[in-house]
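Open your viewer and get ready to select residues by number. This tour goes stop by stop, telling you what to pick and what is there.

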Amino acid sequence: MKMTAGRRALDKIYKRRDRYDIPEWQRPEVWNPERKQMLIDSILRGWRLPKFYFVRLDDDSFEVVDGQQRLTAIFEFFANELQLTEETAQEFGGFYYKDLKPKIADTFDDFEIDFDEIEEASEEELKQFFQRLQQGLPLTSSEKLNSVHSKLRDYCRTLANHAFFVDSIALANTRLAHFDIATKVATIEVEGIDSSLRFEDIKKVFETQKSFSPTSAVAKRVRAALDFLAQAFPTREPALKNRTVVQSLITLTCRLVEAGKPSVAPKAVADFIRAFLDQLTTQVELGQAATDYDYIRFQRSVNANVKAGARIRHEVLLRKGVMHSPEMAGSFGPTALAASGITARVKELGDNIADQITRFNSLYSSVHGEDLFKATNKTSQALLRLGKPINDLTGYTSLIGDLYFIFRESIGQRLEGRLPQSFVDVNALRTDLQHDVDHGDKGKVRAKRKKIATSFSRYSGASSPQLLDPTNFVLVQANLLSALELDLKNLAVP
């Protein structure tokens, strides 16, 4: 076993947080807000933290074996989800990361943690090391589930030897990792997407499925999904190195199988997954400048094991898959959009935007004596309509009109020179619908057309609303509202 000491700045870890895999057996204890606040307070004061321990998985990814709760608290503070105590906020200038003065935020970003990186370690060596570090390495849920007498247990053990696990994924089978993924996939297929994936709940499923049949519909569906994925990834895929991501991919493919014989080729699914994971990395590394909140939600459910995490990941993957190509959309069938939770997501986004505008107006008026977003009856009506799903060009036109009034007209010149990208895009999309941009200098016309097409493509994957399948307008709505929500969340009081 080789151990190398190192130091790394917090902002570099946060921007690459998708590369730090937190095994479920590291999550039994969840810190309360007070303990998280104390940790951030210590960092702001420049106090050193206990050492972290990472096991290197490949060239650029690690398994966090000691320090998960501390990393989770740090990630939450960076994401403006963890509020500081009043005492700390008064001393350092704000309750949230985005409220910190630039000099203090830079100091927090540059704070370095000490860690030991472990390489070339056998399972026995890791156990011996952690017996000395933590008085014993706890059994993983998969190791405990492996002792449960159940035909479902037997089926999952068989699945763990499938070619997809053996040849396609870049995840070592350390501590029954492949069996662990199989148990979670099987639990979701037996109990549904809202199943809890904690040990106690999976154990109950194993116990109720003692007579599980390997020829049942569920068993055939999971095996067919793995067969499909083995074709999609005939050789080891470097991007498939995280347990939770692999589970989510298999669950998505089960829906393809369930919809009937997929019309989309395995290679096309592989292309989509690579594009999704590449964009996930891009959005995570953008940090506060991320432009697609769906990817941030997806990664958060991976890092923190949040409630309903399996559903969040599945719905995000399904939405992105439907938008990726007509072949993908067609293979999932006509119920795919409903299954993606798009209606509930649009309503949630509409409510969140209204709440954030109210919150931001309160902060802005405390400084300037007036609202940033002018509160009028028209504003209220427009906000109420945001969460109502659209399904055609007419609905899209009305939505853009409401967004233009809220995010351009109602703020006047109060954000001059500081408009977030989504606010700028709303203006471009409204220009496309309300103005004739084809007159004037040809070069300027081309530039305007390119800018408008870029804005629309950012949220739809198409170059014009005139070319979009009507059923996909609700996806454009969700993507646009998601970008606005994220920009509002990260908007600092001028």
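**Before you start**

This is a predicted model, in which local features need pLDDT of at least 70, side-chain atom pairs count only at pLDDT 80 or more, and totals for chains, interfaces and linings use all residues. Residues are numbered from 1 along each chain as its sequence is written, and side-chain values use heavy atoms, leaving out hydrogens and water.

**Stop 1: the cores**

Select Phe-164, Ile-250, Phe-373, Leu-403 and Phe-407. They touch the most other members of the largest nonpolar core, which has 101 residues. A nonpolar core is a set of buried Ala, Val, Leu, Ile, Met, Phe, Trp, Tyr and Cys residues joined through side-chain atoms within 4.5 Å. Buried means under 20% relative accessible area, exposed means over 50%, and partly exposed lies in between (1.4 Å probe, protein chains only). In soluble globular proteins, nonpolar side chains tend to be buried together.

Now zoom in on Phe-373. What is Phe-373 in contact with, leaving aside its neighbours within four places in sequence? Its partners include Ile-357, Phe-360, Asn-361, Phe-407 and Leu-488. Contact here means heavy atoms within 4.5 Å.

Next, select Leu-39, Val-64, Leu-84 and Phe-111. They belong to a second, separate core of 32 residues.

**Stop 2: helix 24**

Select residues 473-490, which form helix 24. Helices (H or I, at least four residues) are DSSP runs, numbered from the N terminus. Helix 24 has 18 residues and reaches 26 Å from its first C-alpha to its last. That is close to the 26 Å expected at 1.5 Å a residue. The expected span is 1.5 Å times one less than the number of residues. Is helix 24 enclosed or open? 18 of its 18 residues are buried, so helix 24 is largely enclosed by the rest of the structure.

**Stop 3**

Select residues 177-191 for helix 10. Helix 10 has 15 residues and reaches 21 Å, close to the expected 21 Å. Of these 15 residues, 13 are buried, so helix 10 is largely enclosed by the rest of the structure. Step just past its end to Gly-192, which takes a positive phi of about 110 degrees.

Now pick Thr-251, in helix 13 (residues 243-258). Thr-251 is buried, with a relative accessible area of 1%. Not counting residues up to four places away in sequence, Thr-251 touches Ile-188, Glu-189, Ile-193 and His-314.

**Stop 4: salt bridges**

How many salt bridges does the structure hold? There are 37. A salt bridge is a side-chain nitrogen of Lys or Arg within 4 Å of a carboxyl oxygen of Asp or Glu.

- Select Arg-243 and Asp-180. Their closest N and O atoms are 3.2 Å apart. The pair links helix 13 to helix 10, 63 residues apart in the chain. Both Arg-243 and Asp-180 are buried.
- Select Asp-271 and Arg-274. They meet at 3.5 Å, N to O. Both lie in helix 14 (residues 266-286), about one turn apart. Asp-271 is partly exposed at 32%, and Arg-274 is partly exposed at 35%.
- Select Asp-402 and Arg-385. They meet at 2.8 Å, N to O. Asp-402 is in helix 21 and Arg-385 is in helix 20. Asp-402 counts as buried at 11%, whereas Arg-385 is partly exposed at 38%.

For the last stop, select Asp-294, Arg-297, Arg-319, Arg-345, Glu-348 and Glu-485. They are linked in a network of salt bridges.

Technical notes:
Helices (H or I, at least four residues) and strands (E, at least two) are DSSP runs, numbered from the N terminus.
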